[in-house]
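This report goes through selected local features of one protein chain. The structure comes first, then the text.

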Amino acid sequence: MAQETIKKSNKKGLHPKEEPGNGTLWKQHGMEDVYFQRDAQITFWTVLGGIAVAALLTQITNLIDGIQMGRWYLLLYFLTSIMLITNSWVTNLWGSLVLRMQVNILYALIQLMNLVCLAILCLQVTNPLTFFVAGGFFVLFGLFMDAYLMKSGAWVGFTPEKIKGIKFNSRVYLAFVVLCFGAAANLFWYPSVAADVGWGVLTLFASIAAMVMQHFTMKQERKELGIP
């Protein structure tokens, strides 16, 4: 009888001690779980990032119409959106490689809100005021993610000096939040073409600065962690 049970188990591709119901099969955790969680999160981020790209593409006609009406400065907001989408995807992808990030409801919710704000931002490239409101919340949820990662132990592999650098970058992003909401307040109370142009130039340079910061952060971590 026992031999028949073994044969049936082997036909199903199971070890004799790993028959469904005793839970043994699901106790074999290791690197496979790490890869699964990483792949699942990358898929989640990529899908949400794709929504932001699609949202931006829906504004092409409105953008062209605006430029033909003399609102050339809208290109600044369009280019900023491209920078933010690119930097967001690269940052999230890199984080999945160097951080100890687990599938978690709270983190998924924060990430969802962050990327939804990015999609809304992309829908508002022809409306600078709401563009900056969405941008402020986008960066703010990014700071919430950093706070969660710090509290959850995701930075466990970093040196104290590295963590100090991450906290410094978070303060820079906090300045970006102030900048976005300040720009929105200015455009609400004192709307003008000059303000649209000025804030557009500033936000484009800020998005470029964020990409440069991320580039050098990744370059340093490649060296420290031996990543090719």
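Leaving aside its neighbours within four places in sequence, Q59 is in contact with C122, L123, V125 and T126. Q59 sits in the loop that joins α2 (31–57) to α3 (60–68). The residue is buried, because its relative accessible area is 10% and the cut-off for buried is under 20%.

**Confidence**

The model is a predicted one. Across the protein chain the average pLDDT is 86, and 87% of the residues score at least 70. Confidence is highest in α3, at a mean of 96, and lowest in helix α1 (residues 2–11), at a mean of 44. Over residues 1–21 the pLDDT stays under 50; for this stretch the model has 15 contacts beyond four places in sequence.

**A buried asparagine**

N87 belongs to helix α4 (residues 74–98). Not counting residues up to four places away in sequence, N87 touches Y173, A210, M211 and Q214. With a relative accessible area of 11%, N87 is buried.

**The salt bridge**

How many salt bridges does the structure hold? The structure holds one, and it is formed by K162 with E221. The closest N and O atoms of K162 and E221 are 2.9 Å apart. K162 lies in helix α7 (residues 160–189) and E221 in helix α8, so the pair ties together parts of the chain that are 59 residues apart in sequence. In general, side chains of opposite charge can pair when their charged atoms come close.

**A nonpolar surface patch**

On the surface, V201, F205, I208, V212 and F216 form a nonpolar patch. Together these residues have about 440 Å² of accessible area. One of them, F205, is placed in helix α8 (residues 193–225). F205 counts as exposed, because its relative accessibility is 55% and the cut-off for exposed is over 50%.

**Accessibility of the residues discussed**

| Residue | Relative accessible area | Class |
|---|---|---|
| Q59 | 10% | buried |
| N87 | 11% | buried |
| F205 | 55% | exposed |

Definitions and conventions
Residues numbered from 1 in each chain as written. Predicted model: local features only at pLDDT ≥ 70, side-chain atom pairs only at ≥ 80, totals over all residues. Heavy atoms only, no water. Helix = DSSP H or I, 4+ residues; strand = E, 2+ residues; numbered from the N terminus. Buried < 20%, exposed > 50% of the residue type's maximum accessible area, 1.4 Å probe, protein only. Contact = heavy atoms within 4.5 Å. pLDDT = per-residue confidence, 0-100. Patch = residues over 30% accessible without salt bridge, like charges linked within 9 Å, V, L, I, M, F, W, Y side chains within 5 Å. Areas by Shrake-Rupley, 256 points an atom, 1.4 Å probe, with all protein chains shown as cover. Salt bridge = Lys/Arg side-chain N within 4 Å of Asp/Glu carboxyl O.
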